[in-house]
Each structure stands twice: as structure tokens, then as C-alpha cells.
Amino acid sequence: MQRASSSLIWISGATEGIGLGLARNVPYDDARVINLSRRQHPDYDTHILDLADPGSWAGTQAHFAETMRDFSGKRVVFIQNAHLKGLTGFAGEVPPDDYARDILANVAAPLRLGEMFLRAVLESGYAGEAGLVMMSSASARSPYEGQSVYCAGKAALEMWVRVIRRELAARGRSGIWVTAVRPGFVDTGLIRHVAAMLDADYPVAAAMRRQMAEGRDVLDIDTAAQQIWAALPPSQSLLLFGEQVQVDRSGKSA
């Protein structure tokens with residue numbers, strides 16, 4: 001039976017990093033938070049989702065539809081935050097199966113999940129506020145060597161959001177909003193993972209390590225989450241927060 005609540009919030013990857021910060025800083029009273037990930041969350045309902053397994057995506061589509069079927073609260077929001085740690089390295093040098101898995105999990109899956117949520121909202125006939133947040137990165141515009149899939153995936157995601165916003169406007173669906181978020185430089189396990197890479201495989205890693213050591217423009221997950229929540233619902237296709245290591249025109253870390 002659907003739990004009575006005013007808000008229904010899905011967050012993929014709510015077990016760690018920015019997803020965890022978003023889950024524990026939800027600003028709505030009596031919201032039901034559902035974690036979508038490979039791991040059970042100790043504090044929130046969990047639906048198992050594996051970004052690298054398309055069979056898992058189908059189960060998530062059914063979950064969206066079933067959960068929304070009888071929901072009559074004020075709002076539904078899905079934050080596509082999850083990211084599968086890919087094998088950072090230069091194209092043509094990393095194992096081909098890992099490269100293919102990275103494309104599937106971090107390019108195809110986020111777009112498919114966003115479409116699934118929108119489809120569930122439309123097919124349910126839900127009349128309240130519906131919002132979709134797609135977590136992006138400065139990598140959408142900065143060509144970091146060693147992160148070809150990550151950069152391409154974030155660029156694709158931001159363009160997808162721009163197109164979807166136009167499609168919703170063309171259909172007069174003013175109750176549904178969609179945005180992409182670049183959260184800035186946030187101290188997460190993923191950031192520490194890539195910052196620890198060999199500079200030969202990820203040239204910007206040294207600059208990331210320096211920035212973290214200096215604590216310069218580095219956000220914690222709760223501050224990042226609070227800033228994101230405070231900006232919703234958005235009026236634009238892209239929300240920008242904080243700073244992130246940039247590269248200059250030669251492709252070197254600034």
C-alpha cells in the first residue's frame with residue numbers, strides 16, 4: 001500500500017556522495033524518499049538498480065509506474081545522480097569491455113532512466129508538480145583527458161535536458177520541470193577515486209589533489225545538496241554551483 005506522504009522523491013545512488021547528501025537534506029515535510037541503487041539504504045526504501053544492467057532498468061520503469069499509480073501527494077521528483085565508476089584512462093588503452101560498460105552505465109542509462117520517469121508521470125495522469133534533476137558536471141564542457149566517456153555522457157545529458165524542456169513546452173506540460181545540475185567540486189568518494197589516478201592516465205588528477213589539499217572551493221555533500229534543493233524548482237535548463245578544476249585551451253589542467 002502506498003505510504004501517505006506529500007512528496008515522493010527518488011534519488012539514484014543515495015547511499016553515498018552527493019546522493020546521500022540530497023537524501024538527508026530533502027526540504028519537504030513527510031516526504032517518502034526512495035533510493036535507487038545496487039545497495040540497500042539503511043534509512044530509506046530501496047529499489048535495486050544496476051546502471052550496467054539493462055534488465056534492471058526495466059524493473060525500475062515498472063517501479064516508477066506502480067509507485068505513482070495511486071500517489072496523490074503534492075509533488076514527485078526524480079534525481080538521477082548515480083554514476084558507475086568507470087575505468088579512467090585513455091581511449092584505446094583501457095580494456096574494451098570496461099569501456100563498453102562505461103558507455104552503457106554512464107551515457108545510456110541516465111538518459112533512459114530520465115525518459116522512464118517522464119513516461120511514468122505522463123501515463124499516470126498525475127496532476128501535481130513533477131520534477132526531474134539530471135546530475136551533470138563541468139566535464140560537459142571541459143575536455144579532461146582520460147575521461148572521454150564521462151565528458152561525452154555529461155554533454156549528452158545537458159543537451160537531452162534542453163531538448164526535453166522544449167518538448168514539454170510544445171505540449172503545454174507546465175506542471176513538469178526538468179533541469180541539469182553542475183554541483184561544483186564536491187568532496188565525494190568518486191572525486192577521491194579519480195584524484196588518486198596516475199597523472200599519466202588522468203592528467204588533471206594532480207590539480208584535483210592540490211585543490212582538495214588546499215580546501216579551495218571544495219564543497220561537502222550536505223552543503224552541495226542544500227544548495228541544489230534551494231534552487232528547485234528551476235527556471236532554467238542548467239544550474240551551476242561552485243567551481244571545478246578546469247582545463248585551458250591546450251587541454252592542460254589550469
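Helices and strands are here DSSP runs, numbered from the N terminus. The model is predicted. With that numbering in hand, a walk through the structure can begin at one residue.

Gln80 sits in strand 4, which covers residues 75-80. Is Gln80 buried or exposed? Its relative accessibility is 2%. Buried means under 20%, so Gln80 counts as buried. The side chain of Gln80 has a polar partner: it makes a polar contact with the side chain of Ser12, at 2.9 Å. Other residues touch Gln80 too. Leaving aside neighbours within four places in sequence, Gln80 is in contact with Ser12, Pro110, Leu113, Val133, Met134 and Met135.

Which residues of helix 1 are buried? They are Gly17, Ile18, Gly19, Leu20, Gly21, Leu22 and Ala23. What do they pack against? Four strands take part: strand 1 (7-12), strand 2 (31-37), strand 4 and strand 5 (129-135). Helix 7 (221-230) takes part as well.

Next come the aromatic rings. A search of the whole structure finds 7 aromatic pairs. One of them joins Phe64 and Phe117. This pair is edge-to-face, with 5.8 Å from centre to centre and 70° between the planes. It links distant parts of the chain. Phe64 belongs to helix 2 (residues 54-69) and Phe117 to helix 3, and the two are 53 residues apart. Both Phe64 and Phe117 are buried.

Phe117 has another ring partner, Phe78. Why is this pair called tilted? The ring centres of Phe78 and Phe117 are 5.8 Å apart and the planes stand at 50°, so the pair is tilted. Edge-to-face would need planes over 60 degrees apart, and stacked would need under 30. Phe78 lies in strand 4 and Phe117 in helix 3, so the pair ties together parts that are 39 residues apart in sequence. Phe78 is buried, with a relative accessible area of 0%. Phe117 is buried with a value of 0% too. Ring pairs extend this group: Trp10, Phe64, Phe78 and Phe117 are linked into a cluster.

The largest cavity holds about 90 Å³ of space. It is lined by 14 residues, and the closest to its centre are Asn106, Pro110, Met135, Lys154 and Leu157. The largest share, 5 residues, comes from helix 3. By class, the lining of the largest cavity has 8 nonpolar, 5 polar and 1 charged residues.

What lines it? The residues are Glu115, Leu118, Arg119, Leu122, Ile164, Glu167, Leu168, Arg171 and Arg173. Again, helix 3 and helix 4 are the elements that give two or more residues to the lining. Helix 3 supplies the largest share, 4 residues. By class, the lining of this pocket has 4 nonpolar, no polar and 5 charged residues.

Terms used:
Residues are numbered from 1 along each chain as its sequence is written. This is a predicted model: local features need pLDDT of at least 70, side-chain atom pairs count only at pLDDT 80 or more; totals for chains, interfaces and linings use all residues. Side-chain values use heavy atoms; hydrogens and water are left out. Buried means under 20% relative accessible area, exposed over 50%, partly exposed in between (1.4 Å probe, protein chains only). A polar contact is a pair of N or O atoms within 3.5 Å; within protein, one must be able to donate a hydrogen and the other to accept it, and residues adjacent in sequence count only if both atoms are side-chain atoms. Contact means heavy atoms within 4.5 Å. On a 1 Å grid over the protein atoms alone, a cavity is a set of points where a 1.4 Å probe fits but cannot get out, and a pocket is an open set with protein on both sides within 12 Å along at least five of seven lines; lining residues have an atom within 4 Å of a point. Grid points are joined across faces, edges and corners, and a volume is the space filled by probe spheres set on the points. Ala, Val, Leu, Ile, Met, Phe, Trp, Tyr, Cys and Pro count as nonpolar, Asp, Glu, Lys and Arg as charged, and the others, Gly among them, as polar. Rings of Phe, Tyr and Trp (its six-membered ring) pair if their centres lie within 6.5 Å; planes under 30 degrees apart count as stacked, over 60 as edge-to-face and the rest as tilted.
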